[in-house]
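Biologist: I have not looked at this one before. Can you take me through it, one piece at a time?
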Amino acid sequence: MGCERGGSDFRGTGIAGVVLFTILFAIALLGSVRSFTDKGDTRIGWFSKKNYFVAVTVMAFLDLFRFYMMAIDDAYKCSSKTWVYGLHMFANVAFFFSYSVICSIWQDTVGAKASMFFFRKSILLLMNCLFMVITIIGLAFCVTSGTIFDFFNNDYYTFYTIFSAAKNLVFFAAMFWSGHEIMRPLRNVENLAERSDETEEEVIKKARFRTIMRKLQAILCIVFLSALLRIIMLIIKFAILHGETSVSWYTGPVWWLLADFIPRLLPTYAFMFIMFGSVLTGMGGAKRSTDVPHPGISDSDNKEISERNS
């Protein structure tokens, strides 16, 4: 499929992307500011809440340039502004790092008996460094290509995309397994019938764990659907680029919705609001109230889950 200008409503898609990623940038920036004053965040080092929000902020900011170009030039594939796609590649680096923070937190939560090799901080850091190097090399090929479409037809782009997809697939699968290990002991609490002699503390604890279960199940469901959709769209994209098939809506609004907006924005928003909602609402360091639902999955939640899995 060749390179045509303005035939797939790039301007409309660009405007939608600017709006969506500007909202994400604003929310992540708010989280970044508040996370630095969150006394409840006891995590230190690379994989902390602070760095999660910083990574999402960087990702959203770098991707804005791509959508601004589409909105202004009404072009994408045939654009000679290949540096814009290079920024998008580094946005993917930031996205993977933010996901690595989630993996690290889940590693601490699941307990020592069910720890994941891929979720060890040293392995996560190594994978992020490796992906950074691969991306830097890809950037060199990207900015020296005549158009973005020329870069798409480069063999290195094929390698880059396959590596990125395989990396995501492995880590998504690991998250599913660790999620199962997290929820397995909680199901015993969730399935317990109410007793007439239960204390108020026991009732509150059961309700709290049921809430945690629903949040964890929601995250796993969102991650699964987003990963599955992303893989399907990548397969279709490779088939199109190599002339194996033709799709009339390739690079159109529907394509961007299924291939980019949903797979990246949906899990990012889910992680921010389900896992770190307490930071966004300014309740990160607040003491838990028994009558006010605590937003997100807090550090105290993670500690209790970890103790039940140990």
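Biologist: Which helix is Met-175 in?
Modeller: Met-175 lies in helix H6. Keep in mind that this is a predicted model.

Biologist: Is Met-175 buried or exposed?
Modeller: Met-175 is buried, because its relative accessibility is 0%, and buried means under 20%.

Biologist: What does Met-175 touch, not counting residues up to four places away in sequence?
Modeller: Its contacts are Tyr-99, Ile-102, Trp-106, Phe-119, Leu-220, Val-223 and Phe-271.

Biologist: Now the core. Which residues in the largest nonpolar core touch the most other members?
Modeller: Phe-21, Tyr-76, Tyr-85, Phe-152 and Met-175 do, in a core of 73 residues. Two or more residues of this core come from each of helix H1 (10-35), H2, H3, H4, helix H5 (148-152), H6, H7 and H8.

Biologist: Which element gives the most to this core?
Modeller: H3 does, with 15 residues.

Biologist: Pick Phe-152. What is Phe-152 in contact with, leaving aside neighbours within four places in sequence?
Modeller: Phe-152 is in contact with Tyr-76, Tyr-85, Tyr-157, Lys-237, Leu-241 and Tyr-250. Tyr-76 and Tyr-85 are also among the core residues that touch the most other members.

Biologist: Step back a bit. How many helices and strands are there in the protein?
Modeller: There are ten helices and zero strands. From the N terminus on, the order of elements is α-α-α-α-α-α-α-α-α-α.

Biologist: What percentage of the residues is buried?
Modeller: Buried residues account for 53% of the 310 residues in the protein.

Biologist: And of the contacts between residues at least 6 apart in sequence, what share joins residues at least 24 apart?
Modeller: That share is 78%.

Biologist: How many residues line the largest cavity, and which lie nearest its centre?
Modeller: The lining has 34 residues, and His-88, Asn-92, Arg-230, Leu-234 and Ala-259 lie nearest the centre of the largest cavity. Helix H3 (82-110), helix H6 (155-190), helix H7 (200-241) and helix H8 (253-275) each supply at least two lining residues.

Biologist: Which of those has the largest share?
Modeller: H6, with nine residues.

Biologist: How does the lining of the largest cavity divide into nonpolar, polar and charged?
Modeller: It has 21 nonpolar, seven polar and six charged residues.

Biologist: What about the second largest pocket, how much space lies in there?
Modeller: About 260 Å³. Its lining has 14 residues, with Trp-46, Val-93, Phe-97, Asn-128 and Met-132 nearest the centre. Helix H2 (49-73), H3 and helix H4 (121-143) give two or more residues to that lining, and H2 gives the most, with five residues.

Biologist: How many residues of each class are in the lining of the second largest pocket?
Modeller: Twelve are nonpolar, two are polar and none is charged.

Biologist: Then the loops. Where is Asp-74 found?
Modeller: Asp-74 sits in the loop between H2 and H3. Asp-74 is not a glycine, although it has a positive phi of about 50°.

Biologist: Why does Asp-74 count as buried?
Modeller: Because the relative accessibility of Asp-74 is 17%, and the limit for buried is under 20%.

Biologist: And Gly-146, where does that lie?
Modeller: Gly-146 is in the loop between H4 and H5. Gly-146 counts as partly exposed because its relative accessibility is 45%.

Biologist: What does Gly-146 touch, again not counting residues up to four places away in sequence?
Modeller: Ser-79, Ser-80 and Thr-82. The C-alpha atoms of Gly-146 and Lys-81 are separated by 8.6 Å, and the two residues are 65 residues apart along the chain.

Key: Residues numbered from 1 in each chain as written. Predicted model: local features only at pLDDT ≥ 70, side-chain atom pairs only at ≥ 80, totals over all residues. Heavy atoms only, no water. 1 Å grid on protein atoms, 1.4 Å probe; cavity = no way out; pocket = protein on both sides within 12 Å on 5 of 7 lines; lining within 4 Å. Helix = DSSP H or I, 4+ residues; strand = E, 2+ residues; numbered from the N terminus. Nonpolar A, V, L, I, M, F, W, Y, C, P; charged D, E, K, R; others polar. Points joined across faces, edges and corners; volume = space filled by probe spheres on them. Buried < 20%, exposed > 50% of the residue type's maximum accessible area, 1.4 Å probe, protein only. Contact = heavy atoms within 4.5 Å. Core = buried A, V, L, I, M, F, W, Y, C linked by side-chain atoms within 4.5 Å.
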